[in-house]
Amino acid sequence: MSLHNLYYAIFFCEGNSHKISVAAIRQPMTDRLFDILPARYKNPKTEFLGHPKGLWVLFWTEGWLSFAQYGMLSILVVYLKDILQHTDRARHILGLPSLLSINDSLYAPSGLDATAGSLSGLIMAVIFAAPFVGSFMADHGLGRTRSAVIGISLLTVSFTLMMAESCFVLALWLFLAGVALSGSLKAQVGALYTLEDRRRSDAYQLYSQSIQIMAIISPLLCAFLGTIAWRWAFMATACAMMMGLAGYLMGCRYLPEETASFAVGKDIRPVGCTVVEKKRIVFLLWLVGLFALGVLPNQEIMDGYLLWGSDHYRLTVMGITCPVSTLVSLDSVISMITGFLVLWFWRWYDHRRGRPGHDMTKIIIGSAIATAGPLFLIAGEYVCPAPHQISLWWGVAFHTVNDIGCGMTFPIGMALFSRYAPARYSTTLISCFTLHIFLGNLMVGKLAGMLHQIPDALFWSLHSGAAFLSTLGLMASSRIGSRLFLAGSSHG
């Protein structure tokens, strides 16, 4: 699944953590805190294609953000390798020695491929941890929309700076800050629906498709532009960010009404978590660790898989030699198709049963399916051990199985976390969900550093084994989760 995007809520003290005067929030506090844009935030009653219009505003915005992010990430490991093998270019990049020192202290990579792979994994890990920090700020006074506007603006500046190779590391820091602040978009999706609204899970499936659509286009375009000059690829990502920012500003009136995270008044009294809520927090922390193991095969697609694929796949199609980064677009095409199939299947299944299936059950099934994905790469190399001889059909099989599994785990997992996040902390908690991708990418960076240092069959077996352990853990935990989620079910 090319979202990995990952792309895209965890621990929660249900109910309101504070008793707040509704009048105090909706009038003076809202005017003071959230008047960055001319339009007031409203919960729209109008819909388009069966969903609130705000969903399609977020669909548009996230799509362009994904275009920029996945366009850059699809060429990142190749770009880093290209820089590192030309020392005359590398020494002109401000801050690169410090970044390499951090990477060496964490992974101690050996060789050019290992260094590029581990550094790429480290960068992707931080990308998926950053929204947690930004969402905490959004929940504690900055506001979701203000946070998103600042974040998207920083992303636009960062991709513009990437056109100047000497500023690449500085641009990366701005990029990470922008990713952090724009993470509040995910929480705005869930806020469009009531807790009982069946469309919530469908909305996150559709929201994920915006990522898939752009992740098909951007790697192809950025890979092609990169063959001309890297700066042209980064120029395309900067233009995409401008499109996303413009759409978000124009459509903000359709976004959910914001609630201040604090208010001044005598009627505000802190309320602690109940015992059940605290148990849920611990349980969801445990789930994050399990999801981190299960996501390894998927997250490797943007890292060591590209280096492995450049050595093993037969990338000439109809006489045309494709850049290895087109594998990301291949994954995005398959991911979009399988995403719609998964959405259709669970709708059909829920309709046939007369009631929705349990989210944990769907996640377990998806995790079990994803376990088999890396086995196709092992089989392909066994059949064709010579360099550049593995048919891309083995890759299609790997991506198909992996994307079906991720199509069940990622969006349904996000919807599960959103369902139980209290309104006061919803932005922060939904961003906590992406921490499993942060942890997964830390492990991916370590595994990518082992590429060519261990047999390839063992390399991919470690990914499959991690997903298998995740599945076993989810199965063992499902009964506990059912009891905790049913307890206090008035919340959701």
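# Notebook: helices and aromatic rings

I began with helix H2 and found it mostly covered, with 26 of its 32 residues buried. I note here that the model is predicted.

**Entry 1: helix H2.** I looked up where H2 runs, and it covers residues 53-84. From its first C-alpha to its last, H2 reaches 46 Å, which is close to the 46 Å expected at 1.5 Å a residue. I then checked its course and found a bend of about 50 degrees at Leu76.

**Entry 2: H2 against H7.** Two packed helices are described by the angle between their axes and the distance between the axes. For H2 and H7 I noted an angle of about 145 degrees, with the axes 14 Å apart. I wrote down the crossing of H2 and H7 as left-handed. Which residues meet here, in H2 and in H7? On the H2 side I listed Gln69, Met72, Leu76, Tyr79 and Leu80. On the H7 side I listed Phe168, Phe175 and Val179.

**Entry 3: aromatic pairs.** I searched the whole structure for aromatic pairs and got 20. One of them is formed by Phe168 and Phe234, and this pair is tilted, at 6.2 Å centre to centre and 45 degrees between the planes. The pair links distant parts of the chain, since Phe168 is in helix H7 (residues 168-181) and Phe234 is in helix H10 (residues 230-251), 66 residues apart.

I took Phe345 and Tyr349 next. Their ring centres are 6.1 Å apart and their planes stand at 15 degrees, so I recorded this pair as stacked. Planes under 30 degrees apart count as stacked. Both residues lie in helix H14 (residues 326-353), 4 residues apart, which is about one turn of the helix. An α-helix has 3.6 residues a turn, so residues three or four places apart point the same way. Phe345 is at 31% relative accessibility and therefore counts as partly exposed. Tyr349, with a relative accessible area of 30%, is partly exposed too.

Entry 4: I found one aromatic cluster made of Tyr305, Trp308, Tyr313, Phe398, Phe459 and Trp460. I then looked at helix H13 (residues 304-312), where 7 of the 9 residues are buried, so H13 is largely enclosed by the rest of the structure. The buried residues of H13 include Tyr305 and Trp308, which belong to the cluster.

**Entry 5: Thr409.** I located Thr409 in helix H17 (residues 392-420). Its relative accessibility is 17%, so Thr409 counts as buried; the cut-off for buried is under 20%. What is Thr409 in contact with, leaving aside its neighbours within four places in sequence? I found Ile363, Gly366, Ser367 and Phe433.

**Entry 6: His388.** I looked up His388 in the loop between helix H16 (373-383) and H17. His388 has a positive phi of about 60 degrees, although it is not a glycine. At 42% relative accessibility, His388 counts as partly exposed.

Methods:
Residues are numbered from 1 along each chain as its sequence is written. This is a predicted model: local features need pLDDT of at least 70, side-chain atom pairs count only at pLDDT 80 or more; totals for chains, interfaces and linings use all residues. Side-chain values use heavy atoms; hydrogens and water are left out. Helices (H or I, at least four residues) and strands (E, at least two) are DSSP runs, numbered from the N terminus. The expected span of a helix is 1.5 Å times one less than its number of residues. The bend at a residue is the angle between axes fitted to the seven residues ending there and the seven starting there. Buried means under 20% relative accessible area, exposed over 50%, partly exposed in between (1.4 Å probe, protein chains only). Rings of Phe, Tyr and Trp (its six-membered ring) pair if their centres lie within 6.5 Å; planes under 30 degrees apart count as stacked, over 60 as edge-to-face and the rest as tilted. Contact means heavy atoms within 4.5 Å. Axes are lines fitted to C-alpha atoms, for helices over the stretch in contact, and angles run from 0 to 180 degrees between N-to-C directions. A crossing is left-handed if the near helix is turned anticlockwise from the far one by less than a right angle, and right-handed if clockwise.
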